[in-house]
Amino acid sequence: HLRAEVELTLGRLLGAFGGTSLLVTHDVEEAWRLASRFVVLVGGRVAADGPKGEVFAHPPTTTVARITGCKNLSRAAPTGERTATALDWGAVPLVLDRPWPAGATHVGIRANHVALVPPGSAGAVEATVVATGESPFRQTLFLRIGAGGDLPPDGWHLRVEQPRGEGGTAAAGTRVAVLLAPSRLFATREG
């Protein structure tokens, strides 16, 4: 409670200040609530600098994606101007909402942006729940796409996070369908 009160007070003070302020934090959610612009440092160097929404939606590197909380990254091969194959997600074909950037080597989607949809939905990818996790507020599903193919050492391709109780619960072994929406996917480069 005290931390939330301090954060609200700081937000009001920063909003009233009108000048430029620097907030140093390792808490991505706190940064999101208090800042309008993100500067992400990696090894003491600026790795990303821009409006927070842009840094989240289109992180320039896999490291920036991970630092900002992205849990689903795959090596990818472009197959067209706006299409690619996710090599680490069972070779799933993907459609992006913008052209594939020069130098991009990976594709990503944030765990809360992977949508569970009814099986057979247009553009849906079939998957199997291999493990689950719960907190008081969130359910996490770990999915194997298709027949599995080459699995990473942890045994899953995609992580889905949703508010607890939303979309029902799914136990290990449950077949599900997910939508990797073009507007939620991003291409980025290794680094």
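Arginine 3 is exposed, with a relative accessible area of 53%. In this predicted model, its side chain meets that of glutamate 30 in a salt bridge, with 3.1 Å from N to O. The two residues belong to distant parts of the chain: arginine 3 sits in helix H1 (residues 2-17) and glutamate 30 in helix H2 (residues 28-34), 27 residues apart. Glutamate 30, at 13% relative accessibility, counts as buried, because the limit for that class is under 20%.

A salt bridge also joins the side chains of aspartate 88 and arginine 75, at 2.6 Å from N to O. Aspartate 88 lies in the loop between strand E4 (83-86) and strand E5 (92-95), while arginine 75 is in strand E3 (residues 72-78), so this pair ties together parts that are 13 residues apart in sequence. Aspartate 88 is partly exposed, with a relative accessible area of 23%. Arginine 75 is partly exposed as well, at 42% relative accessibility.

The next pair is glutamate 161 and arginine 138, which form a salt bridge whose closest N and O atoms are 3.3 Å apart. Here too distant parts of the chain are linked: glutamate 161 is in strand E10 (residues 158-163) and arginine 138 in strand E9 (residues 138-145), 23 residues apart. Glutamate 161 counts as buried at 10% relative accessibility, whereas arginine 138 is partly exposed at 40%.

Glutamate 161 and arginine 138 also take part in a network of salt bridges, in which they are linked with Lys71 and Arg159. For the model, the count comes to ten salt bridges.

Note on methods. Residues are numbered from 1 along each chain as its sequence is written. This is a predicted model: local features need pLDDT of at least 70, side-chain atom pairs count only at pLDDT 80 or more; totals for chains, interfaces and linings use all residues. Side-chain values use heavy atoms; hydrogens and water are left out. A salt bridge is a side-chain nitrogen of Lys or Arg within 4 Å of a carboxyl oxygen of Asp or Glu. Helices (H or I, at least four residues) and strands (E, at least two) are DSSP runs, numbered from the N terminus. Buried means under 20% relative accessible area, exposed over 50%, partly exposed in between (1.4 Å probe, protein chains only).
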